[in-house]
Amino acid sequence: MEPLPISGLSLRRAVLGTLLAAGEPLTAREVAETLGCCGATTKPMLLKGPSRVIADLLAYQARVGKVRKVGSATFVALPGSMSRSTRWRCLHWRNELEALRAAIASLPPYTHWPSSPPSDAATPANSASERGETSQTTGHAREPGTYARHMLRIDHASLADIDELVALGSNLFEEGAAQHDTYIDLSWAAREGRTDFERLLGNPDSVVLIARSDDRIVGHLVGYTHDASPTRLQTTYAVTTPQAGGSA
């Protein structure tokens with residue numbers, strides 16, 4: 001069985017669950033090999049193999065007190081630093097893996113996509129584009145209803161959405177730093193996020209978009225212009241954040 005690539009919260013639970021189940025120190029390589037035997041691996045990353053990704057993740061978990069480093073790339077879990085529910089989720093990470101594998105297997109094949117562009121009559125008059133504007137579908141469109149359960153609604157964010165935006169940003173900092181930037185200030189989003197989003201929402205030269213699924217915010221995108229500098233012409237930056245669910 002081909003190992004399923006996982007990342008983010010799923011990977012964190014799998015790594016911590018492996019250490020908890022072992023009850024003794026393991027190297028990052030041993031954790032990676034255990035995950036492989038259970039049918040999981042890390043998502044491919046440029047210049048980073050599974051052992052390196054897991055070592056970086058565990059280094060961050062050591063900084064937040066959930067594991068302790070006892071040797072070169074060797075760590076032991078600290079069960080007392082985790083809540084009972086967190087320990088349970090981590091120890092049962094393979095249930096989540098199997099659910100993900102089953103969900104992937106249940107997706108309809110590409111043959112469900114039409115072989116020719118639909119007529120204008122097949123496109124609802126009030127269909128919305130990713131910018132939230134009414135538009136007509138161009139090119140090949142999905143078969144009506146086939147992927148309806150996966151559709152997202154894109155809206156402009158408002159002040160009422162700030163709590164969820166700050167939570168998404170905080171989770172991104174916590175999960176992304178373990179794999180990409182170990183020098184980032186992990187507390188910035190929780191400390192300054194609200195003020196930053198209030199500034200962005202009140203700025204006519206910026207845009208904050210949110211993706212909703214069943215009235216729940218599952219992601220956001222921020223776009224804003226940045227003043228020119230001696231070394232950089234005026235340009236537009238965008239920051240995207242995928243959904244990052246609660247604690248491990």
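Let me start with the whole chain. The model is predicted, so please keep that in mind. The chain has 248 residues, and 34% of them count as buried. Its secondary structure comes to 7 helices and 9 strands. Now the contacts. Take those between residues at least 6 apart in sequence: 62% of them join residues at least 24 apart. The accessible surface is about 15200 Å². Carbon and sulfur atoms hold 54% of that surface.

On to S5. The strand covers residues 74-77. Which strands pair with S5? S4, residues 67-71, is one of them, running antiparallel to S5 over 4 bridges. S2, residues 26-27, also pairs with S5 in the antiparallel sense, here over 2 bridges.

Look at the S4 side. S4 and S5 make a hairpin, with 2 residues between the strands. Ala73 sits in that turn, and its phi is positive, at about 55°. Within the pairing, Val67 stands opposite Ala77 of S5.

Now the S2 side. Thr27 has Thr74 as its bridge partner in S5.

What about the faces of S5? In a regular strand, side chains alternate between the two faces of the sheet. In S5, Thr74 and Val76 are on one side, Phe75 and Ala77 on the other. All four are buried, and both faces are covered.

Let me stay with Thr74. Is Thr74 buried or exposed? Its relative accessibility is 15%, and the cut-off for buried is under 20%, so Thr74 counts as buried. Which residues does Thr74 touch, leaving out those up to four places away in sequence? The list is Pro25, Leu26, Thr27, Arg68 and Lys69. Thr27 is then both a contact and the bridge partner of Thr74.

Last stop, the surface. Move to helix H5, residues 93-106, where we find Ile104. Ile104 has a relative accessible area of 43%. Exposed would need over 50% and buried under 20%, so Ile104 is partly exposed.

Key: Residues are numbered from 1 along each chain as its sequence is written. This is a predicted model: local features need pLDDT of at least 70, side-chain atom pairs count only at pLDDT 80 or more; totals for chains, interfaces and linings use all residues. Side-chain values use heavy atoms; hydrogens and water are left out. Buried means under 20% relative accessible area, exposed over 50%, partly exposed in between (1.4 Å probe, protein chains only). Contact means heavy atoms within 4.5 Å. Accessible areas come from the Shrake-Rupley method with a 1.4 Å probe; for residues, only the protein chains shown count as cover. Two strands pair if DSSP finds at least two bridges between them.
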